[in-house]
Amino acid sequence: MPSHAQIETFRVEDAEPALRSVAPFDYLVHYRLMEATGMVDALGGAARALAALKALGEQYERRMRSAEIPRLVPAAFDGTGLDSGFVGQGMGSFAGFLTGGMLTGVVQEMSDEKLAEIAKEGPLKIGDESNGIQLTFDENGSTDQEITFDSKVAEGLSGRMKIRIHVDACPDAEGKLTVKLDVDSQMSVDGKPGVGGHVRSEFTLERFLDDDAQLMKDNGAAAAMTLSASGSTSGKQQSFDLRMGYGRERNSGYEDFSKERGFDIFHMDEVRHAAGLAEQSFVFQQLVAELMLRGSSHGSPWESGRCVELKITSSPGKRKGIRPNTAFDLEAMPRAKSDGAPAGGSVTATLSGGASLQPAGGKVAADAKYAYAGPDKADEDASIAFEARSKRGVGRATLEFDTRRKRAYTASGGLDAFFGTGTICDLGATFTISGGGNTVTFIPSSEEGGKYTYQGNMGGIGVYGHGTYTASADDQGGRIVGTGNGCVKTPMGTHCANGTEHYTLVPTTPCE
């Protein structure tokens, strides 16, 4: 497993030099497969085959970048020297490096409503089946990418690259988050039916959260990489398999180069070299997976509040316009959004304003209960910010309280033939003014104004309309002014016009 320092360095510094460290192993595996299946001979020897392989890798990279890159001089081949372009695992890591963290960050910044809308619309497709990208999102922010490139180079080599990337946004009941990176790289020689092969790799990283929603440092990861190369020569199928990985337990690592059928893909003198390159590739894929998992934005996806709903109950339920020193019983209940199960972990509550909260600070085991006494003076505000942390992620919620005396008013007024009256208990809550068969509904965005609609039947004539209004009032009274468009339905048709309504507010006894 990469060290914490390696992961942090990779996240904040230019990762492209490290990205190149994956390429040698891929090129070595692809070239040895070309040797074993007769592709090298079919292409006219080692030099031509290496040139073709390099050209294919460069074309894949250009497709991914959508920009030209420098062509470099070929070098002696032991897996190194082809320091541009990507094939196999390197191409998958490159795709994850370019899109994975960015995509996770973009999803993290979406609202729940926007993400639900995108998830409902289904896969987003760019390009076609031969050269394209398909993106799929679910409502909790997990992403799937499928990237396909078909390529053919002048040197006579054709290839097809298919990359599948999955990134979890929210942990499961064990606190597990999974990243998968699968690559299928196929090659064939133009004009030589049956001469070709493929290299397939599968990489999985599992990371685990502790009860504080932090990635565990000890026994908190498991990773596995498998690679298979196969093809046919003279009608005989041949294959090679590699396995490498580790579990959460100590000393659980494994490395297996022995599963071969039909040929030894690596020369005996290079097995140690190949193993070192494979380990280098394995470590780097973990770094890319960490980047995709954590995202490129501030904070981690599971800390965004999308994974855990923090339900807060208060008794009594009324928290606005309360009497000073009103006592409340509060309970904070974190629930995983994916299955509704209790998230466990702990809750921290932070009081801003008066008067007192017990327990007063620190973590309380979920489901957490609190006793709160509201502000002890009139016309004061207070709020309590709750944060739940567990291996299911992070949830947040805020309760607001005030002892502000709500002024109530009687309202009267209108426009033209309409005259209405009503009682307004709170200028910050929806209220109505009615009269003559018509009702105006006011929907405030604040105590200073908002929107209104009206609909009714006045003397057998249908009326309707909408607009915006402003309100200004104090202990002495005030007024409401509404401006909008109104319509009347008559036997001769519907007629509409703009107008301004005026209402007078007179203080009255506050509503209970």
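This briefing covers a pocket, a sheet and the salt bridges of one structure.

The model is predicted, so local features need pLDDT of at least 70 and side-chain atom pairs count only at pLDDT 80 or more, while totals for chains, interfaces and linings use all residues. Residues are numbered from 1 along each chain as its sequence is written, and side-chain values use heavy atoms, with hydrogens and water left out.

**Largest pocket**

- The largest pocket holds about 480 Å³ of space (volume being the space filled by probe spheres set on grid points joined across faces, edges and corners).
- A pocket is an open set of points on a 1 Å grid over the protein atoms alone, where a 1.4 Å probe fits, with protein on both sides within 12 Å along at least five of seven lines; lining residues have an atom within 4 Å of a point.
- Its lining has 17 residues, and Lys 318, Gly 321, Ile 322, Lys 406 and Cys 511 lie nearest the centre.

- An open antiparallel sheet has the strand order 10-11-15-13 (strands are DSSP runs of E, at least two residues, numbered from the N terminus; two strands pair if DSSP finds at least two bridges between them).
- Strand 10 (308-315) and strand 13 (356-358) are the edges, each pairing on one side only.
- Strand 10 runs antiparallel to strand 11 (residues 327-336), with eight bridges joining them.
- Ile 312 has Ala 332 in strand 11 as its bridge partner.

**Salt bridges**

- The whole structure has 17 salt bridges (a side-chain nitrogen of Lys or Arg within 4 Å of a carboxyl oxygen of Asp or Glu).
- Glu 146 and Arg 164 pair at 3.3 Å, N to O, linking strand 3 (residues 143-152) to strand 4 (residues 157-167) across 18 residues.
- Asp 150 and Arg 160 form a salt bridge with their closest N and O atoms 2.7 Å apart; this pair also links strand 3 and strand 4, ten residues apart.
- Asp 150 counts as partly exposed because its relative accessibility is 23% (buried is under 20% relative accessible area, exposed over 50%, partly exposed in between, with a 1.4 Å probe and protein chains only).
- Glu 400 and Lys 320 have closest N and O atoms 3.5 Å apart; Glu 400 lies in strand 17 (residues 393-402) and Lys 320 in the loop between strand 10 and strand 11, 80 residues apart.
- Salt bridges link Asp 212, Glu 303, Lys 363, Glu 387, Arg 389 and Arg 396 in a network.

Methods. Helices (H or I, at least four residues) and strands (E, at least two) are DSSP runs, numbered from the N terminus.
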